[in-house]
Amino acid sequence: MKNGDILRIGCAAGFSGDRTDAALPVVRSLIDSGGPAVLIFETLAERTLALAQLARRADPQAGYEPLLDELLRPVLAQCLEHGVRIVSNFGAAHPEGAARRIQRLADELGIRRPRVAVVHGDDLSGPMHRELLAHALGTALPGEPMVSANAYIGAEPIAEALRAGAEIVVCGRVADPSLVLGPALAHFGWALDDWDRLARATMAGHLLECGAQVTGGYFADPGYKDVPGMARLGYPIAEIDADGHCTLSKPDGTGGRIDERTVKEQLLYELHDPAAYLTPDVVADITAATVREVAPGRVRLEGVRGHARPPSFKVNACFETGWFAEGEISYAGPRAEARARLAGETLRERLAGVAPLRLDLIGVTSVFGDDASRWMEASAAGDARDVRLRAALQHRDHASAQRLVREVTALYCCGPAGGGGVRTAMRPRLGMLSCLVPREAVPTGYRFLD
């Protein structure tokens, strides 16, 4: 990549499980606009990574984004033909596996194999890192088996891989905005201590990272914040200039909206301190930032400032904490809520001494509930005629947790009257702890697959 002009970066996924038909309109827009362009997929969250580790335990070939094929198949050939680079964290717990799958996908499509780089350094779950994590976690370190430990590494190895000619960069756990900052670093050649420019591109990444959230999806609230074309939302594109400022848009002809309000909502999303948004690359400050609509469907972000990056990397460590069991059953008609409450109390009495039991009346007391069910107990019984009871508990012992599954199923005939539609589930329970480790203790880099 070279200095100068505008770098256009489009996002086609904001989480694992996002829509898989979003990439094609974004890629077409990037190609039609000409100039250097990058497509990112952001598919990783804290819990997603631990689940990927569990998947790899069950199948050593698994552990990367399960929708990888569906995400890339519609656009891989066009991206390679037109020079649109691809950067993503869909490597999850097995970046090399994802990279090899991409090469096989190219073979299946009858196109040339892309040059794929794999970023490494984030995975701290190996035996050689135990002492580092033990020191960082201290007395908080649990005795349960560790499932995963991953550092939120930054944009530098992504930039290095792109400079070296990578057409696709596969990452595990990198900070979400680094997926955008990496290509910007490679394209514009900024110094790693050019804090203002790094912060501006980081906030561009922050706007893109959740996909359709910034194009109206999560913004929508009928009658209050109306968004057209919700079934065909366009995903966002950022035009980043040499100073790091960006203009947000979406592909023509797609649903959704981009205006000052959608951008401001996403800009503030998950920001604990607007003056100090901590990332592994820079500390961003948006207190003097401006958001303005420069044309219909085009919003400009300027004025972001930056400060020196933190001396540490954040690490999330996940541990086995037993089993999670849940069950649901529906009640309808006259006195439905009273019957659902009676069923909940029956479960509580039957499972007394096993584990704390969470009970929710979905549609009555659930969203505002808590794990101790205090909200439900404190609320007066109403006359809802369509109620679904949910019960959940966790336990270190599989057989003990499974008792909930059996007891909810038994409500079919053991009453109260009229229960139906039972659904139950059991899955491993993961606990997570976060800590900070010195940056110098986590060497990062990349390598080409072949």
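Predicted model: local features only at pLDDT ≥ 70, side-chain atom pairs only at ≥ 80, totals over all residues.

The contact draws on Ala343, Leu347 and Arg350 from H11, and on Arg403, Glu407, Val408 and Leu411 from H13.

H11 covers residues 336–350 and H13 covers residues 398–414, and the two pack at an angle of about 140° with their axes 11 Å apart. Angles over 145 degrees would count as roughly antiparallel and those from 65 to 115 as roughly perpendicular, and H11 and H13 are therefore oblique to each other.

## The open sheet of three strands

Three strands make up an open sheet in the order S9-S10-S13, and their pairing is antiparallel. Strand S9 (277–278) and strand S13 (305–307) stand at the edges, where each has a single partner strand, so one side of each has no neighbour in the sheet.

Strand S10, residues 283–285, is joined to S13 by three bridges, the two strands running antiparallel, and Val283 has His307 in S13 as its bridge partner. Helix H9, formed by residues 195–208, lies across S9, S10 and S13 and runs at about 115° to S13.

Strands of a sheet pair through backbone hydrogen bonds, in either a parallel or an antiparallel manner. Strand S7 (residues 237–240) is joined to S8 by four bridges, and these two strands run antiparallel, with Ile237 standing opposite Ser249 in S8. Together S7 and S8 form a hairpin that has five residues between the strands, and Gly244 in its turn has a positive phi of about 90°.

Strand S8 (residues 246–249) also pairs with strand S12 (residues 298–302), in the antiparallel sense and over three bridges. Within this pairing, Cys246 has Leu301 in S12 as its bridge partner, while Leu248 has Val299 of S12. In a regular strand the side chains alternate between the two faces of the sheet. In S8, Cys246 and Leu248 point one way while Thr247 and Ser249 point the other way, and all of them are buried.

S12 pairs as well with strand S11 (residues 290–295), antiparallel and over five bridges, and the bridge partner of Val291 in S12 is Leu301. The hairpin of S11 and S12 has two residues between the strands, and Gly297 takes a positive phi near 75° there.

Methods: Residues numbered from 1 in each chain as written. Heavy atoms only, no water. Axes fitted to C-alpha atoms, helices over the stretch in contact; angles between N-to-C directions. Parallel < 35°, antiparallel > 145°, perpendicular 65-115°, else oblique. Contact = heavy atoms within 4.5 Å. Pairing = 2+ DSSP bridges. Buried < 20%, exposed > 50% of the residue type's maximum accessible area, 1.4 Å probe, protein only.
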